[in-house]
Structure formats: C-alpha cells, structure tokens
Amino acid sequence: MVKTGTFSFVFPYSWEACTGAVYRKYPNPFSTHVLSSDCIFRSYDPSTLTMRSTRLFTKTNKKPKWMDRWLRDSIALVVEHSVVDAKAKSMTTLTYNISLGNYMFVRELSVYRPSPEDPSKTECTTDASVTSSLVIGSMVERFGIERFKSNSKKAANGLLHVLENFFPYAAVPKEVLQKTVDLPKLTQVLKDSTHRSTA
C-alpha cells in the first residue's frame with residue numbers, strides 16, 4: 001500500500017529569486033540532516049530557456065527504536081532531477097532515494113510557480129508518496145509520511161533562510177526587482193551555485 005501526502009507553501013519572494021535559492025539551499029540551519037550536496041549533471045538550452053540538473057544528496061534522519069531491528073544504517077543517497085522553464089516560469093523537482101529502497105522508498109515531486117493570487121510571490125506544492133516492502137510496511141509508510149510533513153516545514157524554513165541571506169532585495173519595488181533578477185543573471189546564479197556545490 002502507498003501512503004501519500006501534499007505540502008504547499010507560498011514564499012514572499014519572486015519566482016526568479018526562489019529558483020536561484022533552490023540551488024543554494026544547502027547547507028542551512030534547518031536541514032542539518034543533509035550531509036552533502038553534489039551537482040552531477042547540468043545542461044542549458046538557450047533556445048527554450050530550459051535548464052536541466054541532477055544532484056546527489058547524502059541524508060540522514062533519526063529513526064524510532066522499533067525500526068532498529070530492520071534498519072541499522074539511516075544514511076541514504078537521494079537523487080534530485082530538476083527542470084527550470086524560464087519562459088513558463090515553472091521549476092519542477094523530482095526527488096527519490098536510491099538506497100534503502102526496500103526498507104522505504106520516498107518520491108517527492110515539487111513545482112514552483114508564481115502565486116496565482118500574487119505573481120510577485122512564489123507558490124511551491126510538493127506531492128510525496130512512501131512505499132515499503134517490509135512486513136511492517138504499513139507502519140513504515142505512516143512514519144514516512146509524518147516525517148515528510150515535518151521535513152517539509154523545515155525545508156520551507158531552510159529556503160526562506162537562504163532567500164533572506166542571498167536575496168535581501170525582495171522587498172524592493174517590483175520594477176526594480178525585475179531589473180535586478182533578470183533571466184541572464186538567474187542563469188549566472190545557477191552556474192555559480194554549481195561551482196560551489198562541486199568545489
């Protein structure tokens with residue numbers, strides 16, 4: 001059986017700022033469970049203003065005592081595929097673990113778009129699914145969804161932390177913000193973040 005959950009959050013920052021911040025997200029004080037972050041692939045198509053990236057994370061999380069019998073190592077490798085479509089102003093990330101999958105497989109699909117209510121803000125919606133092949137699979141799946149809810153709040157706070165540090169001009173009038181964060185500069189921000197993540 002599959003357990004699912006959804007988490008939505010509206011960031012008081014432009015879509016351009018949020019997209020750039022996603023690639024600068026780690027480290028931050030709200031995501032200490034993320035041990036490492038590496039960009040292993042990135043391509044940019046100037047004709048479509050579309051960028052595709054793949055990142056690899058090493059993550060860990062505390063687990064309840066009742067899981068010790070089935071899981072000794074709680075360190076997992078997680079892959080993130082992302083697509084940034086600057087024309088459509090949409091960023092999609094697909095994240096899933098490539099280790100400990102028999103114990104618990106977690107798949108998260110996040111979409112960042114300008115908020116329909118206020119385009120100067122960014123809405124992020126994440127849909128998650130958790131599956132487990134263990135005998136106690138239903139318990140593991142329930143635990144996984146609750147952990148997803150908890151980590152989603154931390155992830156939102158972590159991105160806000162990055163936005164406040166790297167994009168302090170969010171309160172600047174919209175016409176100034178558009179000149180400050182245009183698409184060519186956004187591309188450079190993403191390239192710079194790649195160099196930092198692989199350094």
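Let's start with Glu146, which is partly exposed at 47% relative accessibility. Its partner in a salt bridge is Lys149, with 3.5 Å between the closest N and O atoms. Keep in mind that this is a predicted model, and that the salt bridge count comes to three.

- Glu146 and Lys149 both sit in helix H2, which covers residues 137–166.
- They're three residues apart, or about one turn of the helix.
- Lys149 is partly exposed too, since its relative accessible area of 40% falls between the 20% and 50% cut-offs.

- Glu16 pairs up with Lys89 in a salt bridge, and their closest N and O atoms are 3.0 Å apart.
- This pair ties together distant parts of the chain: Glu16 belongs to helix H1 (residues 15–22), while Lys89 is in the loop between strands E4 (75–85) and E5 (90–97), 73 residues away.
- Is Glu16 buried or exposed? Glu16 counts as buried because its relative accessibility is 13%, which is under 20%.
- Lys89, on the other hand, is partly exposed, with a relative accessible area of 33%.

- Glu80 and Arg55 meet through their side chains in a salt bridge, at 2.9 Å from N to O.
- Here, too, distant parts of the chain are linked: Glu80 is in strand E4 and Arg55 in strand E3 (residues 50–60), 25 residues apart.
- Both Glu80 and Arg55 are buried.

**How the strands pair up**
- E4 and E5 run antiparallel and are joined by eight bridges.
- Together E4 and E5 make a hairpin, with four residues between them.
- Lys89 shows up again in that turn, where it has a positive phi of about 50°.
- E5 also pairs with strand E6 (residues 105–114), again in the antiparallel sense, over six bridges.
- Which residue stands opposite Val84 in E5? That's Met91.
- Met91 has a bridge partner in E6 as well, namely Tyr112.

Notes: Residues numbered from 1 in each chain as written. Predicted model: local features only at pLDDT ≥ 70, side-chain atom pairs only at ≥ 80, totals over all residues. Heavy atoms only, no water. Salt bridge = Lys/Arg side-chain N within 4 Å of Asp/Glu carboxyl O. Helix = DSSP H or I, 4+ residues; strand = E, 2+ residues; numbered from the N terminus. Buried < 20%, exposed > 50% of the residue type's maximum accessible area, 1.4 Å probe, protein only. Pairing = 2+ DSSP bridges.
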